[in-house]
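Have the viewer open while you read.

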Amino acid sequence: MNLDYNNNISILINEIGWETEEIYKFQGTPGEDEYFQSFKFCQEALILNKKYGIYPNIFFFRNNSKIDAKAIKKDKYYIIWLNKGIIDLFNRYFVTYFYLDEIDELNKYSSLESQLIDSIGKLMYQSTLHFTFYHELGHLIQFVEKPDLSIAESLNTKAAYSIIKHSEEIDADLFSSICLSTHFYQYFEDYYQGKIDEDSITNYLSILTSTMFIYFLSFDDYRSGFYLKEHSHPHPLIRILSSINTIIGYFKEIMEKKGIISVRIERNKVFAETFRIAEIFIKKFFGESNFLGFNTLLRENLVEIKNYHSELVSEFSSNPNSATNRRNENI
Ligand SMILES: [Zn+2]
């Protein structure tokens, strides 16, 4: 297993023709440790998933402070980059300036945190980072049977609408949500020390799932109003609801498979708590008025969101090359 970031850099420059200054070299910087851990997670996951045909593969951080990520198929290589800006922003939100005990509305989460080996902030940070990465991995899997191409994640409002492109985004979101839900379950099973009951699981799942709002709202400008069949990506509201629903549903499925049937998890309760937590963070990171605008968009467009989501899912549901379908066939 190759976990040498410098080796990735030399392939990018010498074999793929990348510009040196585009690549972020984190060695020797104050955030070195965090960057290395993130690189290690992503590169290891790429190697573990080579069974999908996404090999040889390369992960790297791009030296850019914008919030963006990209999946690329070029020559024989499958490449994912995350802008340095993503790591820095999510770190700022959940690690550097995150003090759970200073948020009154989240008081009850201190007892959950005391039963885990990591801080809640660190787990929230990892959730956003891992979701970003697995979404890109989903795109790489979609690329396997296609010629060279790439997909970037920042919303392009000038792009021509394509139902196929929108459905590929939802497919990559579902793939990522399933991977994330699996991690959530594994971590809970391995490291949670407290009593396993409806409350503890509902709280654990809600606080981690609430990061979906932060992920999507960091990428896209939802303040510009609601839309359906426009732009490069579906509206973030559609993607948020779809991803949260998948994470909760899959977590419940794993519990059932593992025979944990004495604890019942109510999807609506998790949804309600996820929204309560998201409100706190949206106000904190994006401002009060943005939260109100977001809430209005949600209330006014719920039916359209559900209908359009179904349309997008049916678009890829019979496609054997969709990331979600390929994952299901590999289980
Ligand atoms: Zn995407």
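Ala272 is partly exposed, because 13 other C-beta atoms lie within 10 Å; the classes are buried for 20 or more other C-beta atoms within 10 Å, exposed for 12 or fewer, and partly exposed in between, with C-beta atoms placed from the backbone. Ala272 sits in helix H10.

Some ground rules. This is a predicted model, where local features need pLDDT of at least 70, side-chain atom pairs count only at pLDDT 80 or more, and totals for chains, interfaces and linings use all residues. Residue numbers start from 1 along each chain as its sequence is written. Helices (H or I, at least four residues) and strands (E, at least two) are DSSP runs numbered from the N terminus.

On to H8, residues 211-219. Eight of its nine residues are buried, so the helix is largely enclosed by the rest of the structure. Among the buried ones are Met212, Phe213, Tyr215 and Phe219. The buried residues of H8 pack against H3, H5, H7, H9 and H10, a contact being two C-beta atoms, placed from the backbone, within 7 Å. Against H10, Phe213, Ile214 and Leu217 of H8 meet Ala278, Phe281, Ile282, Phe285 and Phe286. By class, that contact has eight nonpolar, no polar and no charged residues. Here Ala, Val, Leu, Ile, Met, Phe, Trp, Tyr, Cys and Pro count as nonpolar, Asp, Glu, Lys and Arg as charged, and the others, Gly among them, as polar.

How do the axes of H5 and H6 cross? They come within 8 Å of each other, at roughly 130°. That makes H5 oblique to H6; angles under 35 degrees count as roughly parallel, over 145 as roughly antiparallel, 65 to 115 as roughly perpendicular and the rest as oblique. Axes are lines fitted to C-alpha atoms, for helices over the stretch in contact, and angles run from 0 to 180 degrees between N-to-C directions. The residues of this contact divide into six nonpolar, eight polar and three charged.

Now the sheet. Four strands form an open, mixed sheet in the order E1-E3-E2-E4, where two strands pair if DSSP finds at least two bridges between them. Strands E1 (57-62) and E4 (149-152) are at the edges with a single partner strand each, so one side of each has no neighbour in the sheet. The twist averages 15° from one strand to the next. E2 (residues 69-74) and E4 run antiparallel, joined by four bridges, and one of the pairs is Lys70 with Ala152. Helix H3 (residues 84-96) packs on the sheet, touching E1, E2 and E3, at about 45° to the direction of E3. Helix H5 (residues 120-143) packs there too, touching E2, E3 and E4, at about 155° to E3.

Finally, some backbone details. A cis peptide bond joins Tyr55 and Pro56, with omega about 0°, and Pro56 lies in the loop between H2 and E1.

| Residue | Phi |
|---|---|
| Asp75 | near 55° |
| His231 | about 65° |

Asp75 belongs to the loop between E2 and E3, and is exposed, with 10 other C-beta atoms within 10 Å. His231 is in the loop between H8 and H9, and counts as buried with 20 C-beta neighbours inside 10 Å.
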